[in-house]
Amino acid sequence: MGIILWLIVGGVIGWLASIIMRTDAQQGIFLNIVVGVIGAFIGGLIISGGSINNAPLTLTSFLVSLLGAVVLLGIVNLFRRGSVR
């Protein structure tokens, strides 16, 4: 049950990050989940020095994961287009 919740929250975080970075039309649900899960890991490394994926689901961990997903999409846009949108 934990993995299903992890995938759902990762999909929501990836979807919100893609809306913020205006890449929503380029991504499907699978890529949203990948961005959300990897973004949560990046956010955990940036903010708390460890993986946020092991933390309980709180508003703070959700926002840290969203920040990590936005950073991830910004890095991808930087390499893909040469500039961050």
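Helices α1 and α2 pack with their axes 6 Å apart, at an angle of about 95 degrees. An angle between 65 and 115 degrees counts as roughly perpendicular, so α1 is roughly perpendicular to α2. On the α1 side the contact is made by Trp6, Leu7, Gly10, Gly11, Ile13, Gly14, Trp15 and Ser18. On the α2 side the contributing residues are Asn32, Ile33, Val35, Gly36 and Val37. Seven of the residues in this contact are nonpolar and six are polar, while none is charged.

The model is a predicted one. Its protein chain holds three helices and zero strands, and the order of elements from the N terminus is α-α-α. Of the 85 residues in the chain, 35% are buried. The accessible surface amounts to about 5,200 Å², and carbon and sulfur atoms account for 75% of that surface. Among contacts between residues at least 6 apart in sequence, 59% join residues that are at least 24 apart.

Helix α2 covers residues 29-48. Its 20 residues should span 28 Å at 1.5 Å a residue, and the end C-alpha atoms are 28 Å apart, so the two values agree. The buried residues of α2 are Asn32, Val35, Gly36, Val37, Gly39, Ala40, Ile42, Gly43 and Gly44. These buried residues pack against both α1 and α3. Asn32, Val35, Gly36 and Val37 also belong to the contact with α1 described above.

Helix α3 runs over residues 59-81 and has 23 residues. From first C-alpha to last it reaches 32 Å, close to the 33 Å expected at 1.5 Å a residue. Buried within α3 are Ser61, Val64, Ser65, Leu66, Gly68, Ala69, Leu72, Leu73, Gly74 and Asn77. The cover over these residues includes α1, residues 2-20, and α2.

Serine 18 is found in helix α1 and counts as buried because its relative accessibility is 0%, where the cut-off for buried is under 20%.

Not counting residues up to four places away in sequence, glutamine 27 touches Gly14, Ser18, Asn32, Val35 and Leu73. Glutamine 27 and glycine 14 are 13 residues apart in sequence, and their C-alpha atoms are 9.4 Å apart in space. Gly14 and Ser18 are among the α1 residues that contact α2, and Asn32 and Val35 are among their counterparts in α2.

Arginine 22 also lies in the loop between α1 and α2. Arginine 22 counts as exposed because its relative accessibility is 62%, with exposed taken as over 50%. Although arginine 22 is not a glycine, its phi is positive, at about 60 degrees.

Key. Residues are numbered from 1 along each chain as its sequence is written. This is a predicted model: local features need pLDDT of at least 70, side-chain atom pairs count only at pLDDT 80 or more; totals for chains, interfaces and linings use all residues. Side-chain values use heavy atoms; hydrogens and water are left out. Helices (H or I, at least four residues) and strands (E, at least two) are DSSP runs, numbered from the N terminus. The expected span of a helix is 1.5 Å times one less than its number of residues. Buried means under 20% relative accessible area, exposed over 50%, partly exposed in between (1.4 Å probe, protein chains only). Contact means heavy atoms within 4.5 Å. Accessible areas come from the Shrake-Rupley method with a 1.4 Å probe; for residues, only the protein chains shown count as cover. Axes are lines fitted to C-alpha atoms, for helices over the stretch in contact, and angles run from 0 to 180 degrees between N-to-C directions. Angles under 35 degrees count as roughly parallel, over 145 as roughly antiparallel, 65 to 115 as roughly perpendicular and the rest as oblique. Ala, Val, Leu, Ile, Met, Phe, Trp, Tyr, Cys and Pro count as nonpolar, Asp, Glu, Lys and Arg as charged, and the others, Gly among them, as polar.
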